[in-house]
Amino acid sequence: MSRDPSARRPRLALPCTILTGPDTVRLVAGEDFRYTLTAPGLERWLPDFLAGLQGRDTLAEAVGRLAEGERGVALQLAARLYGERVLVDGPAAAAHPAADFRLTVEGAGALRERLEKAAAGAGPRELRVLCQDRLDYDAALRFNRRCRDEAAPWLWATSGPMTRGYVGPLFLPDAGPCLACLLGHFERLSPAPEIYRELTEHARQGKPIEPAPFPAECVAVLEALVLWKASLAYRREPPAALYRLHVLEVETMEVGAHRVFVDPECPECSGHG
């Protein structure tokens with residue numbers, strides 16, 4: 001399901017000085033980046049419109065603040081600026097939906113059992129968590145699709161890789177990367193990328209995927225990471241860690257944090273957001 005272009009949350013790719021002249025607006029960033037736009041009366045409204053694009057509001061919200069006669073031109077210019085990479089999508093953190101969440105835990109394995117006992121919160125908004133103890137990418141992708149379709153934020157935690165555990169970033173249905181973006185990155189980095197596709201097809205045929213053994217102490221670390229991220233989600237300005245992938249190395253018990261990028265070839269979100 002592709003995202004509506006008007007639901008994108010644009011920002012300028014570079015900090016630009018905005019120059020104006022009769023029917024002209026120029027964007028200047030350093031000596032080598034210059035972009036010129038021309039149209040009747042453009043200098044009257046476009047500078048404020050562009051300055052307001054900070055990656056927080058959707059394009060529809062930003063355009064909605066313009067006079068009716070300016071909205072069509074604004075949408076055309078936004079499409080052009082996206083095509084030239086002058087506009088890019090803001091990070092997921094810029095669209096963070098601070099709220100009092102309640103955890104809804106799905107999946108299987110020891111992590112799910114621990115989270116169901118420990119999960120707290122009775123907030124009005126649902127934060128879904130998929131726990132996996134096996135490499136069931138089909139289930140992960142179906143969960144990803146359902147959360148996006150139902151506009152629910154979600155987390156993903158897995159011990160399926162066996163030698164490491166993952167707790168994903170807070171995924172948002174209308175901003176930032178989705179879980180399919182993350183799995184796509186994993187597949188491209190894998191020395192055996194075909195295994196991802198074969199495991200997905202195996203599960204789609206209803207065939208079993210075996211759970212991976214995982215130390216109880218490591219399950220406890222994954223549980224702590226999930227609950228910690230859930231506790232950060234209510235903040236109006238959460239730390240960047242909420243939108244990072246956390247990787248637990250079983251051998252050393254070390255936890256690393258990594259940025260997750262939008263996959264421009266993602267079949268689920270088409271790289272928009």
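Mentor: Leu170 lies in the loop between strand E9 (164-167) and helix H6 (179-189). Helices (H or I, at least four residues) and strands (E, at least two) are DSSP runs, numbered from the N terminus. This is a predicted model: local features need pLDDT of at least 70, side-chain atom pairs count only at pLDDT 80 or more, and totals for chains, interfaces and linings use all residues. Residues are numbered from 1 along each chain as its sequence is written, and side-chain values use heavy atoms, with hydrogens and water left out.

Trainee: Is Leu170 buried or exposed?

Mentor: Buried means under 20% relative accessible area, exposed over 50%, partly exposed in between (1.4 Å probe, protein chains only). Leu170 has a relative accessible area of 3%, so it is buried.

Trainee: Which residues does Leu170 touch?

Mentor: Contact means heavy atoms within 4.5 Å. Not counting residues up to four places away in sequence, Leu170 touches His96, Leu127, Pro153, Trp154, Leu155, Ala233, Leu242 and Tyr243.

Trainee: How many bridges join strand E2 to strand E3?

Mentor: Two strands pair if DSSP finds at least two bridges between them. Five bridges join E2 (residues 17-21) to E3 (residues 24-29), and the two run antiparallel. Ile18 has Leu27 in E3 as its bridge partner. This hairpin has two residues between the strands, and Asp23 takes a positive phi near 60°.

Trainee: What joins E3 to strand E4?

Mentor: Six bridges do, and E3 runs antiparallel to E4 (residues 33-38). Here Ala29 is bridged to Phe33 in E4. With three residues between the strands, the hairpin of E3 and E4 has Gly30 at a positive phi near 70°.
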